[in-house]
Amino acid sequence: MQSRRWKSRIAACAALLASPLFMGSVPVPDPFDMRILTVHNQEREALGLEPLSWNEGLAQSAQQWADYLAATGRFEHAPENRFAPQGENIWAGTKGYFGPEAMVDAWVREKKYFRPGVFPDNSTTGKSADVGHYTQLVWRATTEVGCAEASSTREDILVCRYAEAGNYRGEKPF
(Lines give C-alpha, C1' and ligand atoms only; values in the text may rest on other atoms or scores of the structure.)
Protein backbone atom coordinates (compact mmCIF):
# COMPACT_ATOMS: atom_id res chain seq x y z
CA MET A 1 0.00 0.00 0.00
CA GLN A 2 2.84 2.36 0.88
CA SER A 3 4.53 1.77 -2.50
CA ARG A 4 1.26 2.52 -4.37
CA ARG A 5 1.01 5.84 -2.59
CA TRP A 6 4.58 6.77 -3.55
CA LYS A 7 4.04 5.67 -7.16
CA SER A 8 0.91 7.82 -7.27
CA ARG A 9 2.80 10.83 -5.87
CA ILE A 10 5.68 10.34 -8.30
CA ALA A 11 3.24 10.11 -11.21
CA ALA A 12 1.48 13.29 -10.08
CA CYS A 13 4.80 15.15 -9.81
CA ALA A 14 5.88 13.91 -13.24
CA ALA A 15 2.58 15.08 -14.75
CA LEU A 16 2.97 18.49 -13.13
CA LEU A 17 6.55 18.87 -14.35
CA ALA A 18 5.47 17.89 -17.87
CA SER A 19 2.63 20.41 -17.85
CA PRO A 20 2.84 23.57 -19.99
CA LEU A 21 3.26 25.62 -16.82
CA PHE A 22 6.73 24.16 -16.31
CA MET A 23 7.61 23.81 -19.98
CA GLY A 24 7.57 27.55 -20.63
CA SER A 25 4.57 27.68 -22.98
CA VAL A 26 2.37 29.44 -20.42
CA PRO A 27 3.90 32.52 -18.79
CA VAL A 28 3.82 32.47 -15.01
CA PRO A 29 2.99 35.86 -13.47
CA ASP A 30 5.75 37.37 -11.36
CA PRO A 31 5.29 37.62 -7.57
CA PHE A 32 3.80 41.14 -7.72
CA ASP A 33 1.26 40.01 -10.31
CA MET A 34 0.44 36.84 -8.37
CA ARG A 35 -0.22 38.87 -5.24
CA ILE A 36 -2.63 41.11 -7.17
CA LEU A 37 -4.34 38.10 -8.76
CA THR A 38 -4.68 36.41 -5.37
CA VAL A 39 -6.47 39.40 -3.81
CA HIS A 40 -8.84 39.61 -6.75
CA ASN A 41 -9.62 35.91 -6.57
CA GLN A 42 -10.08 35.85 -2.79
CA GLU A 43 -12.92 38.36 -3.12
CA ARG A 44 -14.43 36.51 -6.08
CA GLU A 45 -14.22 33.19 -4.23
CA ALA A 46 -16.01 34.70 -1.23
CA LEU A 47 -18.92 35.47 -3.58
CA GLY A 48 -18.84 32.05 -5.25
CA LEU A 49 -17.52 33.48 -8.53
CA GLU A 50 -15.03 31.84 -10.87
CA PRO A 51 -11.42 32.98 -10.36
CA LEU A 52 -9.79 35.34 -12.81
CA SER A 53 -6.81 34.21 -14.84
CA TRP A 54 -3.80 36.36 -15.69
CA ASN A 55 -3.68 37.85 -19.19
CA GLU A 56 -0.29 39.18 -20.27
CA GLY A 57 -1.82 41.26 -23.09
CA LEU A 58 -4.04 43.07 -20.58
CA ALA A 59 -0.98 43.57 -18.35
CA GLN A 60 0.93 45.16 -21.24
CA SER A 61 -2.01 47.44 -22.00
CA ALA A 62 -2.19 48.37 -18.32
CA GLN A 63 1.55 49.09 -18.27
CA GLN A 64 1.24 51.57 -21.13
CA TRP A 65 -1.48 53.49 -19.34
CA ALA A 66 0.27 53.34 -15.94
CA ASP A 67 3.45 54.71 -17.55
CA TYR A 68 1.43 57.50 -19.17
CA LEU A 69 -0.19 58.46 -15.85
CA ALA A 70 3.17 58.43 -14.05
CA ALA A 71 4.84 60.53 -16.75
CA THR A 72 2.06 63.14 -17.00
CA GLY A 73 0.97 63.35 -13.38
CA ARG A 74 -2.62 62.84 -14.50
CA PHE A 75 -5.07 60.47 -12.84
CA GLU A 76 -7.84 59.44 -15.21
CA HIS A 77 -9.24 56.42 -16.97
CA ALA A 78 -7.97 55.59 -20.43
CA PRO A 79 -10.24 56.41 -23.35
CA GLU A 80 -12.49 53.46 -24.10
CA ASN A 81 -11.80 51.39 -27.19
CA ARG A 82 -15.31 50.67 -28.53
CA PHE A 83 -14.02 47.87 -30.75
CA ALA A 84 -12.11 45.99 -28.03
CA PRO A 85 -13.45 47.19 -24.67
CA GLN A 86 -11.49 46.49 -21.52
CA GLY A 87 -12.59 47.16 -17.98
CA GLU A 88 -10.19 49.29 -15.99
CA ASN A 89 -9.45 50.06 -12.35
CA ILE A 90 -6.85 52.66 -11.42
CA TRP A 91 -5.25 53.44 -8.07
CA ALA A 92 -2.60 55.91 -6.85
CA GLY A 93 -0.92 56.33 -3.48
CA THR A 94 2.20 57.44 -1.68
CA LYS A 95 5.29 56.06 -3.40
CA GLY A 96 6.74 52.96 -1.75
CA TYR A 97 4.13 52.87 1.00
CA PHE A 98 1.49 50.41 -0.24
CA GLY A 99 1.82 46.77 -1.23
CA PRO A 100 -0.26 45.25 -4.02
CA GLU A 101 -2.73 43.74 -1.55
CA ALA A 102 -3.51 47.18 -0.09
CA MET A 103 -3.86 48.67 -3.55
CA VAL A 104 -6.47 46.13 -4.65
CA ASP A 105 -8.08 46.14 -1.21
CA ALA A 106 -8.94 49.82 -1.73
CA TRP A 107 -11.28 48.63 -4.50
CA VAL A 108 -12.57 45.69 -2.45
CA ARG A 109 -13.48 48.04 0.42
CA GLU A 110 -16.03 49.72 -1.85
CA LYS A 111 -18.30 46.73 -1.17
CA LYS A 112 -19.42 48.51 2.00
CA TYR A 113 -21.44 50.80 -0.32
CA PHE A 114 -22.60 47.99 -2.60
CA ARG A 115 -26.17 46.74 -2.70
CA PRO A 116 -27.48 44.00 -4.97
CA GLY A 117 -29.13 45.29 -8.08
CA VAL A 118 -28.45 46.34 -11.62
CA PHE A 119 -25.63 48.68 -12.49
CA PRO A 120 -25.52 51.66 -11.88
CA ASP A 121 -28.27 51.46 -9.25
CA ASN A 122 -26.29 49.33 -6.82
CA SER A 123 -24.72 51.88 -4.53
CA THR A 124 -26.13 52.74 -1.12
CA THR A 125 -24.86 56.29 -1.67
CA GLY A 126 -26.62 56.67 -5.01
CA LYS A 127 -23.26 57.18 -6.76
CA SER A 128 -22.03 54.36 -9.00
CA ALA A 129 -18.49 55.76 -8.67
CA ASP A 130 -18.54 54.64 -5.03
CA VAL A 131 -18.78 50.97 -6.07
CA GLY A 132 -17.52 50.95 -9.67
CA HIS A 133 -14.06 49.54 -8.93
CA TYR A 134 -15.57 46.82 -6.78
CA THR A 135 -18.23 45.85 -9.29
CA GLN A 136 -15.60 45.60 -12.06
CA LEU A 137 -13.47 43.36 -9.86
CA VAL A 138 -16.39 40.99 -9.18
CA TRP A 139 -18.21 41.28 -12.52
CA ARG A 140 -19.48 37.78 -13.33
CA ALA A 141 -18.60 37.87 -17.03
CA THR A 142 -15.03 39.00 -16.36
CA THR A 143 -12.61 36.09 -16.67
CA GLU A 144 -9.18 37.69 -17.11
CA VAL A 145 -7.12 40.44 -15.56
CA GLY A 146 -3.75 42.01 -16.21
CA CYS A 147 -2.23 44.74 -14.05
CA ALA A 148 0.84 46.94 -14.01
CA GLU A 149 2.48 49.47 -11.74
CA ALA A 150 4.41 52.63 -12.51
CA SER A 151 5.90 55.27 -10.27
CA SER A 152 6.20 59.01 -10.53
CA THR A 153 8.43 61.04 -8.25
CA ARG A 154 5.71 61.13 -5.59
CA GLU A 155 3.36 58.22 -6.07
CA ASP A 156 2.85 54.65 -7.21
CA ILE A 157 0.13 53.99 -9.76
CA LEU A 158 -1.63 50.69 -10.34
CA VAL A 159 -3.71 50.01 -13.43
CA CYS A 160 -5.68 46.80 -13.85
CA ARG A 161 -7.39 45.86 -17.09
CA TYR A 162 -10.22 43.34 -17.29
CA ALA A 163 -11.77 41.19 -20.00
CA GLU A 164 -14.69 41.04 -20.36
CA ALA A 165 -15.30 44.60 -19.28
CA GLY A 166 -17.94 45.11 -16.61
CA ASN A 167 -20.17 47.86 -15.28
CA TYR A 168 -22.71 47.69 -18.08
CA ARG A 169 -25.92 49.62 -17.46
CA GLY A 170 -28.90 47.41 -16.75
CA GLU A 171 -26.84 44.32 -15.86
CA LYS A 172 -26.16 42.72 -12.49
CA PRO A 173 -22.51 42.31 -11.46
CA PHE A 174 -23.10 38.75 -10.19
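Predicted model: local features only at pLDDT ≥ 70, side-chain atom pairs only at ≥ 80, totals over all residues.
Residues are numbered from 1 along each chain as its sequence is written, and side-chain values use heavy atoms, with hydrogens and water left out.

**Exercise 1.** Find how many salt bridges the model holds, and locate the partners of the one formed by Arg35.

*Solution.* Begin with the criterion, a side-chain nitrogen of Lys or Arg within 4 Å of a carboxyl oxygen of Asp or Glu; by this rule the count comes to five salt bridges. One of them joins Arg35 to Glu101, with the closest N and O atoms 2.7 Å apart. The pair links distant parts of the chain, since Arg35 lies in helix α3 (residues 31-46) and Glu101 in helix α5 (residues 100-108), 66 residues apart. Helices here are DSSP runs of H or I with at least four residues, numbered from the N terminus.

**Exercise 2.** Determine which residue forms a salt bridge with Glu43, and decide whether Glu43 is buried or exposed.

*Solution.* The partner of Glu43 is Lys111, the closest N and O atoms being 3.2 Å apart. This pair also links distant parts of the chain, with Glu43 in helix α3 and Lys111 in the loop between α5 and α6 (132-137), 68 residues apart. For accessibility, buried means under 20% relative accessible area, exposed over 50%, and partly exposed in between (1.4 Å probe, protein chains only). Glu43, at 8%, is therefore buried, whereas Lys111, at 40%, is partly exposed.

Key
Helix = DSSP H or I, 4+ residues; strand = E, 2+ residues; numbered from the N terminus.
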